[in-house]
Amino acid sequence: MAPTILNPSTLPSDDNVNPYAFCIELRQPWFLRKGAMIAYYGQASFEGLAQTSLSAMVAARFSSPLYAQQWVVAQGVGKVVIGDRGYDINSYDLDAGNLTIRAANLLGFETGLELKQSIVPGFLTLVGTGKFLASSNGPVIFAEPPMRVDPEALLGWADCPSPSHHYDTGWMQGFLGSMAHAVLGVQSGEERQFDFTGAGTILFQSTEVPRPDPAYLAQLESQVTGLGVPGLQRLQTVIGQRLAAEQQH
Amino acid sequence: MAQFRMNGARVLEAHLAGDAVRALTGSMVAYEGNVQFKNAGMGGGGGFKAALKRKMTGESLELMEMAGHGVVYLASEGMEVELVQLTGDTLSVESSALLAIGPNLRTDVAFAGLRGAASGQGLFTTTVSGHGELAVLSDGPMIALEVSPAYPLVVDPDAFIAHRGQLNQTFVTDVSWKSLIGEGGGEAYSLRFDGSGVVYIQPAER
């Protein structure tokens with residue numbers, strides 16, 4: 001019953017230790033999310049993206065100012081064990097491809113890949129060739145478009161499906177009806193889905209426990225600038241209502 | 001002699017044969033037979049001196065004593081349980097990770113490092129020593145990592161569960177570590193182990 005005792009030579013090389021922990025054999029630099037590392041052997045150093053000596057490589061590969069605060073560069077030689085909230089961890093290999101993934105679930109990637117912010121808020125796109133690590137709540141489910149996914153369960157998508165919002169037909173009828181009668185505040189819960197069409201793969205998980213993402217907040221904040229006084233006042237009432245509803249729970 | 005047996009990965013069966021076993025307060029999910037439960041007293045039954053140390057250091061340990069004949073089923077928050085055998089050696093363990101301690105084992109508080117004087121909490125650790133078996137909680141399957149003079153180990157304190165053997169534990173507060181702490185907080189230091197022994201970690205941060 002007792003777990004096998006592992007050391008640097010018996011730890012797997014770029015493979016899972018168990019479904020919830022992964023061991024990176026550090027030979028070349030890796031980008032890692034802060035807090036993803038749970039233990040390491042060897043001569044490894046972790047530097048903030050602003051402090052690293054590899055600044056030219058970072059500027060070329062990490063093209064997301066929003067997330068720069070939350071990531072570090074690991075370099076040196078050693079074995080690094082990665083864990084994330086006890087979630088399942090999987091490694092993926094991209095070969096001259098692209099994949100978009102929920103930012104909260106991306107744990108690390110090789111510098112052969114380039115990171116970009118997706119147009120969909122809270123998602124990051126990886127382009128190029130290399131390995132990356134992502135966590136999921138339960139095993140990852142792969143599916144092909146056309147399909148609709150609950151926004152909470154969506155983990156990411158690869159190749160070229162086209163994501164859009166989908167609103168339930170019944171809900172839309174109700175919404176249009178209420179518009180005609182100028183009633184506000186139609187809400188049921190499952191009326192909104194993500195709709196995928198085109199060729200590619202969609203990744204989803206059983207459920208996502210939302211985790212505070214400061215970058216997502218920053219992104220929302222930056223979008224508030226163009227609103228003007230009436231827009232801001234409207235937003236204030238909406239936020240006030242949401243706060244009151246949250247406090248009732 | 002009381003015995004521990006696993007029932008799946010998350011439930012521990014404590015088979016009592018007229019003797020007493022200590023377990024995390026509130027971890028009993030069911031029991032059969034004739035078993036009495038009582039508070040193990042101030043400081044988890046480690047004796048008066050250990051109790052005093054707990055009071056002073058804030059290293060809390062909430063244990064109950066279970067005595068009698070029967071089987072007690074123990075579990076905590078769906079966490080995985082691992083059995084650890086001690087043969088005269090000492091296990092230093094996060095007090096929150098202790099589920100049950102066999103009858104012949106002693107618990108105490110040890111001073112874990114110099115930095116404790118300034119920053120306080122959590123730098124004192126609970127030690128379990130003697131001959132016998134104890135059950136430790138792990139959020140996800142526990143990982144055991146060997147430390148030898150040739151390869152020291154650095155661990156995230158939020159993932160650390162326990163260590164045993166001839167280990168020297170130091171607190172690392174270097175720049176490299178600080179850059180790893182996210183905005184959501186996390187510990188301001190990492191744990192570095194030198195010497196020879198085994199360190200147990202869990203794949204989730206507390």
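Across the interface of chain A and chain B, nine residue pairs are in polar contact, both residues being at pLDDT 80 or more; a polar contact is a pair of N or O atoms within 3.5 Å, where within protein one must be able to donate a hydrogen and the other to accept it, and residues adjacent in sequence count only if both atoms are side-chain atoms. The model is predicted, so that local features need pLDDT of at least 70 and side-chain atom pairs count only at pLDDT 80 or more, whereas totals for chains, interfaces and linings use all residues. Residues are numbered from 1 along each chain as its sequence is written, chains are lettered from A and ligands numbered from 1 in the order in which they are written, and side-chain values use heavy atoms, with hydrogens and water left out.

On the side of chain A that touches chain B, the elements giving two or more residues are β1 (5–6), β2 (15–18), β5 (37–48) and β7 (71–83) of chain A; strands are DSSP runs (E, at least two residues), numbered from the N terminus. The largest share, 10 residues, comes from β5(A). By class, this side has 19 nonpolar, 11 polar and four charged residues. In contact (heavy atoms within 4.5 Å) are 34 residues of chain A and 32 residues of chain B. Together the chains bury about 2700 Å², 62% of it on carbon and sulfur atoms, buried area being the accessible area (1.4 Å probe) that two parts lose on being put together, summed over both.

β5(A) also pairs with a strand of the other chain: three bridges join β5(A) to β10 (residues 153–155) of chain B, and the two run antiparallel. Strands pair if DSSP finds at least two bridges between them. Within this pairing, A39(A) stands opposite V155(B).

K116(A) is partly exposed at 33% relative accessible area, as is E114(A) at 21%; partly exposed lies between buried (under 20%) and exposed (over 50%), with a 1.4 Å probe and protein chains only. D14(A), E25(A) and R27(A) are linked in a network of salt bridges.

In chain B, a salt bridge joins K38(B) and E65(B) (3.8 Å, N to O). This pair links distant parts of the chain, with K38(B) in β3 (residues 28–39) and E65(B) in β4 (residues 63–74), 27 residues apart.

Notes:
Helix = DSSP H or I, 4+ residues; strand = E, 2+ residues; numbered from the N terminus. Nonpolar A, V, L, I, M, F, W, Y, C, P; charged D, E, K, R; others polar. Salt bridge = Lys/Arg side-chain N within 4 Å of Asp/Glu carboxyl O.
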